[in-house]
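Here are my notes on this one, as promised. Have a look at the structure first, then go through the points in order.

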Amino acid sequence: MALYDPSSLANLSEIRTTHIHLNWNISFDERKISGHAVLDLLAVAKVDKIVLDTSYLDIKSASINDQDLKFHVADRHPSLGSALTVELPQAVEQGTKLKLKVDYSTTDKCTAVQFLDPEQTLGKKHPYLFSQCQAIHARSFAPCQDSPGVKVTYSAAVTSPLRVLMSALHTTEEDAGNGLKTYHFVQKTTMPSYLIAIAAGNLEGRVIGPRSTVWSEPEMVEKCAWEFQDTESFIATGEKLLTPYEWGRYDVLVLPPSFPYGGMENPCLTFVTPTIVAGDKSAVDVVAHEISHSWMGNLVTTCNWEHFWLNEGWTVFVERKILAYLHGELERQFSAIIGWKALKESVNLFGADSPATILKPDLSSGIDPDDYFSSIPYEKGFNLLYHIEKTVGGPAIFEPFMKAHVEQFASQSISTEQWKAFLFKYMEDNHGKEVVDKLNTIDFDTWINGKGMPPVDPQFDTTLADQCYALAKRWDEARGSDDLSGFTPSDTEKFTSTQKSVLWIRKSNSYCYRSMIVVFLERLTDCEPLPHNLLAKMDDLYKMTEIRNADVRFRWQQLCVMASYKPIYPHVVEFVTEQGRMKFVRPLYRLLYKAEGGAELAKDTYLKHRKFYHPIAAALIEKDIGIQQ
């Protein structure tokens, strides 16, 4: 099948990578990775050249069988990097296998890798590096066919003065002299280039399950081990819902705070932000999300970034299924309510008529997929699947389809059209015309190609949200009153009693309480900005500014900055400079930039701390607050 990817410059229709071997040397002093990549290639048509994706790489040479080849690095495309064209000595026929070696090094402009100085780490003694390749950044640490439509196995030999971890199975390591070690890795399950990942630093591990180790800097490894000790239950539940876990190991690496995402589903080694290490397991739903990617995204993959929702919408759906299996359907409903709010905010940010709000957007004009990154593929995708589940007759009919979907498309990269065709075929084969007729009542075209919010109100169960809504309504209606004596510190304490009243059994109430505080604050952000005296009273009663949970801090600060409540500004500055998770820092920078007396503070804060942020986050923050590169 011809492969189309508007976000790649490689000649994907002529030649295909099957395996990549990386031989790397890490220099923390020079802040670069150098070495070579060997690509096993298969001609899928008659071809006389190899075109690979690169971005800011310093290409030294290209060769096949030790014969140097002519190569050319094209002028840079503003979003997609520079095509590396390697001329073959003569054209080769379809079916020919080639082994191309490219010697190169990264440069200080490469966006996939962030080098951290010792001061930027927890221990303050050793440097650190980590990568982030999704969506199209693998091309900035290895010349490759950087498309999710190309699935490869890979191996690596990495020489470093500090421990190395990768998104593959560690096999051996040996001394390389001068205080260096060479670490060897192999990934035998095919995967796209964006899932190749590396981290190196002063890392220590703790076993947390039969196939899991948590890694972090030594200073927080015990805390991390406790936080993630329930990981195996998530994996086992995913297996029960879907298929056996494919990847052998499921380790977790807790990264330094500049990591720009909540988590990244790198196979064998999920990367997570330290903002989810809350000390009460209240944010480990991120791990449930990343584990769900082991099937949705990693095993069954989008064919290009226009179909990204197939990765993320499915993953959110499975994540919430796992939470429901472990903790009850009400938890899934409550999580979906929070997701709906995030979806509304993304649609409002882009504008309801923006092409960025389409579930399957058009990227053919060379748009950087990062510019369209938002809650839309996650939550609009989830809501489409949720609507299908309700329409066809509920979990008893839809959950077996989830498993069949993975079995049908495992190790493949697929399109929305393939997904939809199999959905209809499965339902017809297993449930007949009656269920197909139900499917035909769904306006798939509007769901997939329409702008703005979904065409259907999901009508989630609000049992757990009702008290949050009621308290928010009381505060909203008090905006004209001088008498606030009806509010007391016990207002939010009642949230956990609600949890008990619906028999939502869980070892800890922390997740429930944190989520209910978040929903209460989110509800208020839908209202007109609150008067400053109400915000001051709320903080006095509920001690909002003192809460350290990252999600609560974000929503409280958002509510305050929307009202230009200046006493919160120093706390916003503290929060956006102690961690770099884009979910938090981008909206807060945008709001601060628009708030009364906040524009210069936003710019000055960012410029002072620019080097702290990951390159992906930095580029997007600069667009958010009008800083020209």
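1. Is Cys 268 buried or exposed? Cys 268 is buried, at a relative accessible area of 3%; buried is under 20%, exposed over 50% and partly exposed in between, with a 1.4 Å probe and protein chains only.

2. Before going on, some ground rules: this is a predicted model, where local features need pLDDT of at least 70 and side-chain atom pairs count only at pLDDT 80 or more, while totals for chains, interfaces and linings use all residues. Residues are numbered from 1 along each chain as its sequence is written, and side-chain values use heavy atoms, with hydrogens and water left out.

3. On the cysteines: the structure has zero disulfides, a disulfide being a pair of cysteine sulfur atoms within 2.5 Å. Cys 268 is in none, and the nearest cysteine sulfur, in Cys 133, is 15 Å away. For Cys 144 the closest cysteine sulfur also belongs to Cys 133, and at 7.9 Å that is too far for a bond. Cys 144 counts as buried, with 3% relative accessibility.

4. Now the strands. E1 (residues 15-27) and E2 (residues 32-43) run antiparallel and are joined by 12 bridges. Helices (H or I, at least four residues) and strands (E, at least two) are DSSP runs numbered from the N terminus, and two strands pair if DSSP finds at least two bridges between them. E1 and E2 make a hairpin with four residues between them, and Arg 31 in the turn has a positive phi of about 55°. His 19 sits opposite Asp 40 in E2.

5. E2 has a further partner: nine bridges join E2 to E8 (residues 97-105), again in the antiparallel sense. Asp 40 turns up here too, with Lys 99 as its bridge partner in E8.

6. There is also an open sheet of three strands, in the order E3-E7-E6, with antiparallel pairing. E3 (47-54) and E6 (71-73) are at the edges with a single partner strand each, so one side of each has no neighbour in the sheet. Neighbouring strands in this sheet are turned by 20° against each other on average, direction ignored. Seven bridges hold the antiparallel pairing of E3 with E7 (residues 82-92), and Val 47 has Val 92 in E7 as its bridge partner.

7. Which helix pair would I look at? The axes of H14 (residues 550-562) and H16 (residues 582-594) come within 10 Å and cross at roughly 10°. That makes H14 roughly parallel to H16: angles under 35 degrees count as roughly parallel, over 145 as roughly antiparallel, 65 to 115 as roughly perpendicular and the rest as oblique. Axes are lines fitted to C-alpha atoms, for helices over the stretch in contact, and angles run from 0 to 180 degrees between N-to-C directions.

8. In that contact (heavy atoms within 4.5 Å), residues of H14 including Phe 554 and Val 561 meet residues of H16 including Phe 584 and Leu 588. The residues of the contact divide into nine nonpolar, two polar and two charged. Nonpolar covers Ala, Val, Leu, Ile, Met, Phe, Trp, Tyr, Cys and Pro, charged covers Asp, Glu, Lys and Arg, and the others, Gly among them, are polar.

9. One to check by eye is Glu 389, in helix H6 (residues 376-392). Glu 389 is buried, at 2% relative accessible area. Leaving out residues up to four places away in sequence, Glu 389 touches partners including Lys 321, Arg 332 and Glu 399.
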